[in-house]
Amino acid sequence: MYYRRTLTEAQINQQLLGTVLTTPLWWIVLVSLLGIVVAGAVGAVGWMINQGLGVTGLRQPVFWGFFITNFIFWVGISHAGVMISAILRLSQAEWRRPMVRAAETMTVFALMASLAMPLVHAGRPWRIFYWVFPYDWARGIWPDVRSPLVWDPIAITTYLTSSMLFVYTALIPDLAIIRDRSTGWRRSVYGVLSLGWHGNPRQWKIQGFAGILLSALILPVFVSVHSIVSWDFSVSLVPSWHVTIFAPYFVIGAVHSGVSAVVTLMIIMRKLYKLENFIWEEHIDALARLLMVVALAWMFLFWLDLVFALWLREEQEITVWMLRMFEPPWSWLFFLFFMFSFVIPVPLWMFRRVRRSFTWMLWTSLLVNFGMFLERFLIIVPALMRKGPQTFTYATYRPSPVEFTIIFGTIALVCFLLLIFSKFFPLIPLWEEKEGQLLIDHVKVGNVYVPALVKEH
Amino acid sequence: MANTQLLGLFEDPQKVADAMGELKGAGFPVEDLDIYSGSPFPEGAFGEHEAEHRLFMFPLVGALIGFSIGLLWTAGTQISYPLITGGKPILSIPPMTIIMYENTMLGAILFTVLGVLFESRLPKRDLGLYDERITEGYIGIYVDCPVERASAAEAVLNSNGAEEIKKA
Amino acid sequence: MAHEEHAIPQVPTHQEVASDIMARFQNVNQRYWSWVSLLALLFVGGIVGFVMRLSDGFDDRSNWGYYTATLSFLASTFLAMPIISAGLRLAKANWRRPLTRLTENMAITGVLIWFMLIPALIALPPTEGRLSVWFDFPHWMAFRGGNLMVWGTVVLIGLFLLWLLAVPDLAAVRDHMPASPRGKLARVLSVGWTGNTRQWRVLHSGALLFGAFYLLLYPTLQTLLQADFQAGLLPGMKDAIAPATALINALQGAVGLTLVVMYVMRRFGGYERYFGIDQFWALSKPLLAFSLLWFYFWWGSFITFWYGRQPGESELIRFMVLDSYRYPLMVSFMLNFIGPLVALVWNPVRRSIWGPTIVGAGVLVGALVNHIRWYVAPFSVPDPPAGEAWPHVLPEIPAGQLPGAADALIVVGGIAGAVLLFMLINKIIPVVSMWEVGEGLRLVKVRRFLARYAMVIAKSH
């Protein structure tokens, strides 16, 4: 890492608390526009509830379509938070500092968006509550714990709760900073939220251990969540779903799309919030290198999935893969998915100039996420289209405008929530940035000053 | 013997380290001295008292509680409503394992957060002797001492370049 | 604890380190030769066992199960160790410097492993009529030629990496021991190295590049190992996660073996100052992670089969998990998952020399037992009668197969042969990299930080 000029604590406070203490016009415009899109999506959901699931493209036998694809997509995006925050915290990577909170916050909101999708998909969302509240307990009909659909909400709520607590715990010192900069009712509110934080060595020591301990605990949860979502598919007997590789394949795909989403988020944040002093080329360079490793691992698992799918030479398996890869329009989608998820971005990321360019990284990261959405779609829908062995059961699926509206609405929702969050809390941890600047040093080797870090142990 | 409190504010961390050294040399117990800073410094950077904690016990306790709850409700629901699905036994260990695992981790994480608050001695209703400039880069030395030693403490803080000394 | 943590760190000079390592390298004492002799004897015993099996021919494939398990164990521990060097070098971890050479030196075992592969390939039935990754390619070209080529490439890249990264130290051996046979060999192998800027740049780039090649190609080796020697012989075995499982197990085994070797070098080689608490503590974390992943990958396979309850799947679960190989699975479950989890979750255990070493040793034993389960089981499944197609479901569940005398000799002899090669190469190439440790020392300084001392560490490049 090559470090820039150091800023004083007062300067860091001023630059990172800009949108918390003031409200720029662009923020109001953006929140309004996103709010309109979200309202449109809510309207579409209301229309769907009123008219029935027939307004979507779901038809026998394809009863999982865009909504479930979107569910998995957002659970995937949510994996970025733990990947960036927990793993890099445990490996003491200095370059994590500006991104941890934004990634963790994106995790929380992505999980909220993902939880909304099964509720929307149910068609009559209120019926879901009969499943968990006393109505059915009174009759002794308990949820069936053998069903992966019961594992899903347990895993996702565990992950959501853990992520929210993770964000809050690391936010406490920054809440104290905002408390000290505020007056009136805002000071009272931030005072309550900061719990009376002083910043003595005991509190800082516990804060450091908390980061490591929570990271170590949340990592197994992060692996389990998307694995459990994958087992919704692999414990069934639908051709091309009943494979053992799905758990790590889904997880690594989630990391791929999640880290790409973090890249997108960091670049947009840098532009909107004028964070040039905090988000540098070195950060996206490091993220791009991480993405290359993840993409290669993902490609290995994809290849295993394909080879072993054809291994037993079962007719139905081959039918589904032929549909995915060779029958239009699914073959076009497959081509796009492969190009966007791997073929275009990964070779580009091998070039240092690309890795250190904000423009290139923005577009490649967006491509990856578009490609990974298609990947989830291609896993789910073609398999259901050829689920039955008899050809007269074959069908197709075409998403309706209602589904498109709701999907775009979830994207707008996550962006909307992030903007609202940034109004009240800083997206870059102030205390982490200050700590990072404190530990900067150099080692003189000959005539060269090599950037270095002070290590506590 | 009545005690009083002082808070000396410094801009330069080196002066804080020097002042702490002098205070300890002047006989002020290190347990009665504290440092307030807006960002973490490496442990022992100011020669302060190094806190011991039992944070690691909290996730263990939480995990045990979570595991027990997970076992109870997965086994309990299956025994209460013994319906065979997919040819699987009434008490199906593999799916129980998944839910018990999630509950274990949730318990561990919840108790860890409680432990963080407990060991940090939070929440604290009253900030007490404090200054907002601490989160602007100033570092505070908090001294809890008998009233008759307050002037000595003040002298040490002043001689090491304290910008301001607040008293309780 | 406060005194230990905040005492002034001591940083030796490059010259001190180089002299110390060279002195240990030059010293070939009686104890060393005793161990070499013992290992050679055990290796000869392994050859005797191999000849006993060879005399029975290849008609009964069950005779070659333990042989293949040994081959796979060696490929998944000794041959996986260069991955540690390559991976840590890519991650620029400073604590890696003392241990990279010993992991690279393990690449020499690839020579033994590649030759061991040949009889194992002969023992396999042709691919025609049975399911394999080679589909309908002619078997001599496909799995025999393909395996030899892929394994051979991995071994060659490993050997090249071993040589490339040793060149500066071979030059040091050349200069310090010019008249001795080892010095003369070093003169040839060091290819006139002088250490100019261009040479160092090429060395660093080559190390990264070939390390990346090794990292990319090794998973293919594990894929072929699983596909050809296990899945291809087990009717109904459609387990896409198996190669990934094998890869994770290999990484766990490699870390475990590194810990054990480091402990032995400390205890018997006098290398305490190089293999210290930092190295053991740092390696204990990936060991814990891989142990958790061991269970995760096994579970991914199990839960899919358990839920599917398809005809082929139920038989395989009974064969590999619940009935015939239940006890080996339980042993490896304890040693590869429960033991490491229970032990390494405690910081005092992780942050010690003995803790990770004991866990690492347990992991190795568990890995061996697991490999026996993975390969003895499929090799004990008989071929279908002549003229009949290969079934998609196990027709009957074979009982577990215990090792015979020849099998025991092969297992012990194979491991002894690999260790013997490692010991021999350590007296041609120093087991601790003088140039890499020296480079690290130049990037470290001690400075006063307010009221304490702290280490300042720079990253190279």
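E1(C) and E2(C) form a hairpin with two residues between them. Both belong to a predicted model, in which local features need pLDDT of at least 70, side-chain atom pairs count only at pLDDT 80 or more, and totals for chains, interfaces and linings use all residues. Residues are numbered from 1 along each chain as its sequence is written, chains are lettered from A and ligands numbered from 1 in the order in which they are written, and side-chain values use heavy atoms, with hydrogens and water left out.

Helices (H or I, at least four residues) and strands (E, at least two) are DSSP runs, numbered from the N terminus. Six bridges join E1(C) to E2(C), and the two run antiparallel. Strands count as paired if DSSP finds at least two bridges between them. Within this pairing, Lys445(C) stands opposite Val456(C). E2(C) also pairs with another chain: four bridges link it, again antiparallel, to strand E2 (residues 448-455) of chain A. Here Lys455(A) has Met455(C) as its bridge partner. E2(C) is mostly covered, with five of its seven residues buried. Buried means under 20% relative accessible area, exposed over 50%, and partly exposed in between (1.4 Å probe, protein chains only).

Two residues stand out by backbone geometry. Most residues other than glycine have a negative phi, and most peptide bonds are trans. Leu450(C), in the hairpin turn, has a positive phi of about 55°. The residue is buried, at a relative accessible area of 12%. Lys274(A) also has a positive phi of about 55°, and is not a glycine. Lys274(A) sits in the loop between helix H12 (246-273) and helix H13 (281-311) of chain A. The residue is exposed, with a relative accessible area of 59%.

Chain A also contains cis peptide bonds. One runs from Gln60(A) to Pro61(A), with omega near -5°. Pro61(A) lies in the loop between helix H3 (25-51) and helix H4 (66-77) of chain A. Another runs from Pro328(A) to Pro329(A), with omega near 0°. Pro329(A) falls in the loop between helix H14 (315-326) and helix H15 (330-343) of chain A.

Chain A also meets chain B. The contact (heavy atoms within 4.5 Å) involves 58 residues of chain B and 55 residues of chain A. About 5300 Å² is buried between the two chains, and carbon and sulfur atoms give 67% of this area. Buried area is the accessible area (1.4 Å probe) that two parts lose on being put together, summed over both. Pro40(B), Glu102(B) and Ile109(B) supply 12% of the area that chain B buries against chain A, more than any other three residues.

Four salt bridges link chain B and chain A. A salt bridge places a side-chain nitrogen of Lys or Arg within 4 Å of a carboxyl oxygen of Asp or Glu. One of them joins Arg181(A) and Glu136(B), at 3.4 Å from N to O. Strand E2 (33-36), helix H2 (57-80) and helix H3 (93-119) of chain B are the elements that each give two or more residues to the side touching chain A. H3(B) gives the largest share, 16 residues. By class, this side of chain B has 32 nonpolar, 15 polar and eleven charged residues. Ala, Val, Leu, Ile, Met, Phe, Trp, Tyr, Cys and Pro count as nonpolar, Asp, Glu, Lys and Arg as charged, and the others, Gly among them, as polar.
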